[in-house]
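Trainee: I would like to learn how to read strands, a core and salt bridges from a model. Can we go through them in turn?

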Amino acid sequence: MFNKVILIGRTTSEAELRYTQGNNQKAVTQVSLAVNRSYKSANGEREADFIRLVIWGEQAERFANWIKKGSLVQIEGELRTRSYDDQQGKRVYVTEVLVQRFNNLEKRDDNQGQANNGFDSFGGGAPFLDEYLPF
C-alpha cells in the first residue's frame, strides 16, 4: 500500500503552533492550504480546495516560524482520516494531510508572492518551477 500526497498552495492563515501536555511535550502545527483546482468553473473562475495540514515536532516549529499567511508552499505527506464525537454526540469525520516535508516557494521577506530562485527547503524535497504550478 502507498499513501503519498504532494500539494502546492497558499496558507490561509498563520500556523497555529501548540504543544502537547505532559512530560514529553511535542510541538504540533495546524493550518489550511488553499490549492487551486486544475480546471475552471462554469463561470470561468478557478476554484480551490482548502486542505487541513498537521505537522509534528521540529518541523512544526520551523513551519510556524518561517511560513506566514498567504505563503506559497509545497508539502509532502500522508492523507489521514479520523473521527470523533462532538459535544452533541454526533460523529464528525476529518480528512487531513500529515506533513512529512515542506518547501517554502517564496523568499522569506517577499510580501508580493513572487517565486524565489533559492528555495527554503525543510525536510528534503525538490522545489518546483512556476511553469509546474497549477495556478
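Mentor: We start with strand pairing. Two strands count as a pair if DSSP finds at least two bridges between them. Keep in mind that this is a predicted model.

Trainee: How many bridges join β1 to β5, and in which sense do the two strands run?

Mentor: β1 and β5 are joined by 6 bridges and run antiparallel. To place one of these on the structure, find I8, whose bridge partner in β5 is Q74.

Trainee: Over how many bridges do β1 and β3 pair?

Mentor: β1 and β3 pair over 2 bridges, again in the antiparallel sense. On that side, look at R10, which stands opposite A34 in β3.

Trainee: Why is β1 described as largely enclosed by the rest of the structure?

Mentor: The call rests on burial, and a residue is buried when its relative accessible area is under 20%. In β1, 5 of the 7 residues are buried, so the strand is largely enclosed by the rest of the structure.

Trainee: Next, the core. What is the general idea?

Mentor: In soluble globular proteins, nonpolar side chains tend to be buried together. Here the largest nonpolar core holds 18 residues. L7, L33, L53, F63, I75, V97 and V99 have the most contacts inside this core.

Trainee: Which elements each supply at least two residues of this core?

Mentor: They are the strands β1 (5-11), β3 (27-40), β4 (46-56), β5 (72-85) and β6 (91-106), together with the helix α1 (57-66). The most comes from β3, which gives 4 residues.

Trainee: With which residues is V97 in contact, leaving aside its neighbours within four places in sequence?

Mentor: With those neighbours set aside, V97 is in contact with V5, L7, I51, R52, L53, V54, I75, G77, E78 and L79. Two of these partners, L7 and L53, are also listed among the core residues with the most contacts.

Trainee: Now the charged side chains. How many salt bridges are there?

Mentor: The distance rule asks for a side-chain nitrogen of Lys or Arg within 4 Å of a carboxyl oxygen of Asp or Glu. By this rule there are 11 salt bridges.

Trainee: Which residue forms a salt bridge with D49, and where in the chain do the two lie?

Mentor: The partner of D49 is R37, with 2.7 Å between the closest N and O atoms. This pair links distant parts of the chain, since D49 is in strand β4 and R37 in strand β3, 12 residues apart. D49 is partly exposed at a relative accessible area of 31%, and R37 is partly exposed at 24%.

Trainee: What separates E58 and R62 along helix α1?

Mentor: About one helical turn, because E58 and R62 are 4 residues apart in helix α1. Their salt bridge has its closest N and O atoms 3.1 Å apart. E58 counts as exposed at 55% relative accessibility, whereas R62 is partly exposed at 33%.

Trainee: Which residues are linked in a network of salt bridges?

Mentor: K4, E76 and R101 are linked in such a network. By way of a further pair, the side chains of E16 and R18 meet in a salt bridge at 3.3 Å, N to O. Both are partly exposed, E16 at 41% and R18 at 39%.

Trainee: Last, is K90 buried or exposed?

Mentor: K90 is exposed, with a relative accessible area of 58%. K90 lies in the loop between β5 and β6. Apart from its neighbours within four places in sequence, K90 is in contact with Y84 and D85.

Methods: Residues are numbered from 1 along each chain as its sequence is written. This is a predicted model: local features need pLDDT of at least 70, side-chain atom pairs count only at pLDDT 80 or more; totals for chains, interfaces and linings use all residues. Side-chain values use heavy atoms; hydrogens and water are left out. A nonpolar core is a set of buried Ala, Val, Leu, Ile, Met, Phe, Trp, Tyr and Cys residues joined through side-chain atoms within 4.5 Å. Buried means under 20% relative accessible area, exposed over 50%, partly exposed in between (1.4 Å probe, protein chains only). Contact means heavy atoms within 4.5 Å.
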